[in-house]
Amino acid sequence: MNSAPSLAPRRHRRCSTAVTAALTLPLLAVTACGTTTGTGTPGGTNPSTPPTAGTGTSGGTSGARDPSGTTAPEAPTTSTVGGTTTPVRAGVYFLHGEKVSPAPRTVTAPTTVTAAVRALLAGPDRSERAHGRATAIPSGTRLRSLVVRNHVATVDLSGRYDDGGGSLSMRERLAQVVFTVTRFPTVHKVAFEADGKPVTSFGAEGIVLNGPVGRSDFEDRAPAVLVESPLIGDTARTPLRVWGSADTFESQFRLRVTDTTGRTAADVVVRATSGTGTRGTFDVTFPYKAARTGPGLLTAYVLSPKDGQLVTVDTVPLSVNR
């Protein structure tokens with residue numbers, strides 16, 4: 001393998017920030033901050049397990065956990081009653097426009113992390129592909145084993161995993177696994193193995209993996225606004241809760257909901273806990289008013305600081321209820 005510079009983690013900071021939502025409906029005050037609440041918001045799309053720890057502030061919900069490579073904001077939990085395990089919801093990260101984008105999957109304990117990786121390796125389904133979701137992971141890649149110890153997941157994949165592709169493809173497929181596994185709060189970083197042997201240099205380009213890596217090592221593969229919830233295909237109800245992370249100019253961006261008629265049901269201004277080169281978190285809840293129930297779209301976008309033009313960052317297809 002060739003040698004290459006090691007991945008350099010980026011620093012992330014967190015702070016408490018208030019945002020005001022400018023809606024097509026009457027104005028609504030919402031809040032984003034660097035801590036999290038322990039419950040979801042009634043009515044809106046509800047994650048399987050909401051962000052944990054900390055306290056919220058009035059006027060909205062609190063922010064998701066910092067995705068700097070230590071933990072991700074949402075992870076599934078399991079409910080076991082009388083020895084029976086209830087299937088729970090997880091998120092696996094495919095690609096949308098060469099950036100990671102989570103999609104929902106159902107997994108069961110006690111192998112929730114393992115099941116999530118296997119679901120990732122299976123690739124996007126037909127509906128997800130129709131909405132532009134793809135994968136850089138070669139077909140036929142197998143998960144040999146996965147062990148979590150001291151918040152590090154050691155993922156052993158078959159040699160097929162590093163076949164073909166250039167440096168971008170290699171970083172994309174590494175990021176897909178890292179984001180999927182670190183969505184679980186028990187996992188902070190990932191160590192890679194191939195056919196049972198530790199990987200220190202990945203692919204023909206020799207991407208150096210000097211040790212376990214986290215989300216911050218693949219910041220370039222995350223969109224400027226990474227929506228962690230709702231997920232593609234979710235059913236949205238008003239008020240809608242949206243949370244994730246962002247790195248935008250002066251930490252500001254907008255979220256727009258359009259209904260099946262193409263009408264704008266809501267358009268809110270959001271400010272993450274940090275931005276302009278430092279990824280922060282956001283967690284907002286806002287009402288929308290759809291003209292009709294049916295397929296809709298959540299769009300994260302920014303206004304260019306240069307000319308004020310609308311720049312779409314990412315889109316999440318939803319089923320929007322009135």
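## Lining of the largest cavity

In this predicted model, the lining of the largest cavity is made up of six nonpolar residues, one polar residue and two charged residues. The residues concerned are S101, P102, R133, V227, P230, L231, I232, D314 and V316. Two strands, β6 and β21 (310-320), each contribute at least two residues to this lining.

The volume of the largest cavity is about 40 Å³. Across the whole structure, a search returns two cavities of 30 Å³ or more. Rolling a probe the size of a water molecule over the atoms shows where empty space is left.

## The chain as a whole

The protein chain has three helices and 21 strands. Of its 322 residues, 54% are buried. The accessible surface of the chain comes to about 13500 Å², and carbon and sulfur atoms account for 51% of that area.

Among contacts with a separation of 6 or more in the protein chain, 67% join residues 24 or more positions apart.

## Nonpolar cores

The largest nonpolar core has 43 residues, and the members that touch the most others in it are V155, V177, V181 and F192. Two or more residues of this core come from each of β5 (88-96), β6 (99-107), α1 (112-122), β8 (143-149), β9, α3 and β10 (189-194). The top contributor is α3, which gives seven residues to this core. Another core, of 25 residues, lies apart from it and includes L240, A265, F282 and L298.

V155 shows what such a position is surrounded by. Leaving out residues up to four places away in sequence, V155 touches L143, S145, L146, V177, V181, V190, A191, F192 and E193.

## G164 and its loop

Where does G164 lie? G164 sits in the loop that runs between β9 (152-157) and α3 (167-181).

Is G164 buried, partly exposed or exposed? With a relative accessible area of 49%, G164 is partly exposed, because the class of exposed residues begins over 50% and that of buried residues lies under 20%.

Beyond its neighbours within four places in sequence, G164 makes contact with M170 and R173. The C-alpha atoms of G164 and I137 are 9.8 Å apart, while the two residues are 27 apart in sequence.

Terms used: Residues numbered from 1 in each chain as written. Predicted model: local features only at pLDDT ≥ 70, side-chain atom pairs only at ≥ 80, totals over all residues. Heavy atoms only, no water. Helix = DSSP H or I, 4+ residues; strand = E, 2+ residues; numbered from the N terminus. Buried < 20%, exposed > 50% of the residue type's maximum accessible area, 1.4 Å probe, protein only. Contact = heavy atoms within 4.5 Å. Areas by Shrake-Rupley, 256 points an atom, 1.4 Å probe, with all protein chains shown as cover. Core = buried A, V, L, I, M, F, W, Y, C linked by side-chain atoms within 4.5 Å. 1 Å grid on protein atoms, 1.4 Å probe; cavity = no way out; pocket = protein on both sides within 12 Å on 5 of 7 lines; lining within 4 Å. Points joined across faces, edges and corners; volume = space filled by probe spheres on them. Nonpolar A, V, L, I, M, F, W, Y, C, P; charged D, E, K, R; others polar.
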